[in-house]
Amino acid sequence: MTPLTQTPQWQALAAHRDGMAPRHLNELFAADPRRFERLSLRCGELLCDFSKQRLDAETLDLLLRLAEARDLAGFLRRMRGGEAINTTERRAALHVALRADEPCFVDGRDVLPEVQATRQRMREFSGAIRSGAWRGSGGAPVNAVVNLGIGGSDLGPRMAVHALGEPADGRLAVRFVANIDPAEFAAAVAGLEPARTLFIVSSKTFTTQETLSNAQAARAWLGAADTARHFLAASNNVAAAQAFGIPAQNCLALPEWVGGRYSMWSAIGLPIACAIGMDAFEELLAGAREMDAHFFSAPFAENLPVLMALVGLWNIDFLGAGTLAVLPYAHRLGLLPAYLQQLEMESNGKHVTLDGEAVGCATAPILWGMAGSVGQHAFHQLFYQGTRLTPIDFIVPVGEPGAAQEALVANALAQGAALMKGRTAEEARRQLLAAGKDAAEAARLAPHLACAGNQPSTTLLLPRLAPRSLGRLIALYEHKVAVQGCLWGVNSFDQWGVELGKQMAREILPQMISGSGDFDASTAGLLAAIRALRAPR
Ligand code: F6P
C-alpha cells in the first residue's frame, strides 16, 4: 500500500492546507451564513457542531477522498464481519457484538447467543445484589460492591457509574480500586463491613499485577469469609480466576474478541449494572447500538464518527495540533477524559502501520481534560492567549432549565464562541476607553487583552445525561478512533508498548531488595538512592 503521506489525496490536503491555515474562523463564518446548518449533524438526539473547526467544504471533500482511498468502507465491512482486524494478535475487534440484537459472526460462528447468555447472567447477579438477595457469608445482604480492575477493566465502569449512578443512598455502594498503591484500596473499603462487601475481580487476562495485588488485599481484608459469597470475576481466563479461589459459577466470561478498552459493554460492565440496574444498562447498550447502526449505514459525508475522525486528523496532521482537550460541561462526566485517554491514546498511540512500516505522520493526540466550568479558572488562559493550537471537544448535556444549569450551559457556549472569535487589540483598546481608561493606559494595556481566537472546537449537545445518551456518546468516540486507525493504517486494537513498561517493572522489582542488576546508570542510581532513604539511621 502506498504510504499515507505519499498518496495524491494526502498531497492535495497538504496543498489545500497552505491556503486554509491562515484563514480565521471569523472569516469562514462571514463567508457562509449557513455554516452552522452545513456543518452540524445529528444522530438521534445527539447533535455535533463542527462549524467552529478550521475547515471548509473543500477540506471535507478532500478528507472524504482520503477516506475512500484508504478503503474505509472495506475496513468497516471487515470490522462488522468479525475479521481479525487486530492483525498482530490475530483477533477480531467486535465490541459492537456486545450491544447487538442481531447475529454477529466471528470465524463463521454467531456470537450473539453467548453475548445474550452473559447479559442474562449479569441481570441475575446485579438483580440479586441490588435486591438484597445476595448475602455475605454471615447471612447479611451485601451492601457494597468493590470493583478491582485497571485500564479498560476500570475506567469505563468507573466513568459510567460516576455519570449515571445515584448518589449513595445507603443501600448499595459501588466503588472502584485500580491503583496498586494500597492507599486506594484502603480508601475504597473505608466504612465498609467485610461481611457485607462483594468484590468483582475484573481482568480480561487475570494476570495484571495491580489487579491481582488488590484481589489479594481484598482476600486478606475479608478474613475468614467464604470467597464464594464475596468474590465475582469478569475474565477471559476463568481457569486463573478459579485458581485464585473464585468458583466457576461466580465467573462471567469475557470474549477473546473484545479489547480491554472496548469492554465496558461486556461482563466488565457488571459494576454499572449493579449501580443503575440491568434495565438501565440495557439502555446504555441501546444508545451504543443506535450509534453503531448510524456508523455502519450513513454515507461518510453524514456519518458522525467518520466526520469526527476526519476533523481530528485534519487538526493533527495538517494544522499541527498535538493535543485534544475534552471538556464535558457536566460534573458527572468528570471521568470521561480519563476514559477517553485510554481509548484514544492506547488505541492509536502507534508509530508503525499494519505492515510494520513507519506511519510517517502524527497519530493519536495527547488527550486530556476535565469537567467544565472548573477548567476555565485554571488552564483556559492558555487556550485564549497561549501560543499553541488547542482543539477542544465541548460536551454539553443540555439538562432541565434551572439557574445553575443555565449558567453551566451558557459558560460552555461562551467558551466556544470566545475562543473562536477572539478580541483584537483595537477592540480591547476601545473597550478600555469605554471603561474610563485614558488613551495612554488603553494603548498600553490593549495588547495584553487581545486574544487571537481561531481556536477550533466541536460542540456535542446531548439532551440530558442518561444511559442512552451516554451509550451513543461513547460509541461515537470508539468508532472515531477506529476510523482514524484505519486512515493512519495502524492497529488500534493492540498495545505492545505498554508491555515494555510491564516487563521492566518485573525486572526492577526483585532488585529493589537485592540491589544487584544490570540497569542504565539513572535507574541504578535511583535504586541506590531508594535503598539509602530506607536504610535505618
Ligand atoms: O494497560 C494495558 C492493559 O492491557 C489494557 O489494555 C487493559 O485494559 C489493562 O491492561 C487491564 O488488563 P486486564 O483486564 O487483563 O487486567
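What is the volume of the largest cavity? In this predicted model, the largest cavity has a volume of about 130 Å³. The structure holds one cavity of 30 Å³ or more.

Look first at what surrounds this space. The lining of the largest cavity counts 16 residues, and Gly312, Asn315, Leu324, Asp393 and Lys480 are the closest to its centre. Helix 14 gives the most, with five residues. By class, seven lining residues are nonpolar, six are polar and three are charged.

The space it takes is the largest pocket. Helix 15 (336-348) and helix 21 (496-514) are the elements that give two or more residues to the shell around the ligand. That shell has 15 residues, of which Ser153, Ser203, Thr205, Thr208 and Glu346 come nearest. Nine residues of the shell are polar, four are charged and two are nonpolar.

At Gly152, a backbone N or O atom lies 2.7 Å from a ligand oxygen. At Ser203, an N or O atom of the side chain is 2.6 Å from a ligand oxygen. Gln342 places a polar side-chain atom 3.2 Å from an oxygen atom of the ligand. How much of the ligand does the protein bury? Taken alone, the ligand exposes 390 Å², and the protein buries 89% of that.

Note on methods: Residues numbered from 1 in each chain as written. Predicted model: local features only at pLDDT ≥ 70, side-chain atom pairs only at ≥ 80, totals over all residues. Heavy atoms only, no water. Near = heavy atom within 4 Å. Polar contact = N/O pair within 3.5 Å; in protein donor to acceptor, adjacent residues only side chain to side chain. Areas by Shrake-Rupley, 256 points an atom, 1.4 Å probe, with all protein chains shown as cover. 1 Å grid on protein atoms, 1.4 Å probe; cavity = no way out; pocket = protein on both sides within 12 Å on 5 of 7 lines; lining within 4 Å. Sits in = over half its atoms within 2 Å of the grid points. Helix = DSSP H or I, 4+ residues; strand = E, 2+ residues; numbered from the N terminus. Nonpolar A, V, L, I, M, F, W, Y, C, P; charged D, E, K, R; others polar. Points joined across faces, edges and corners; volume = space filled by probe spheres on them.
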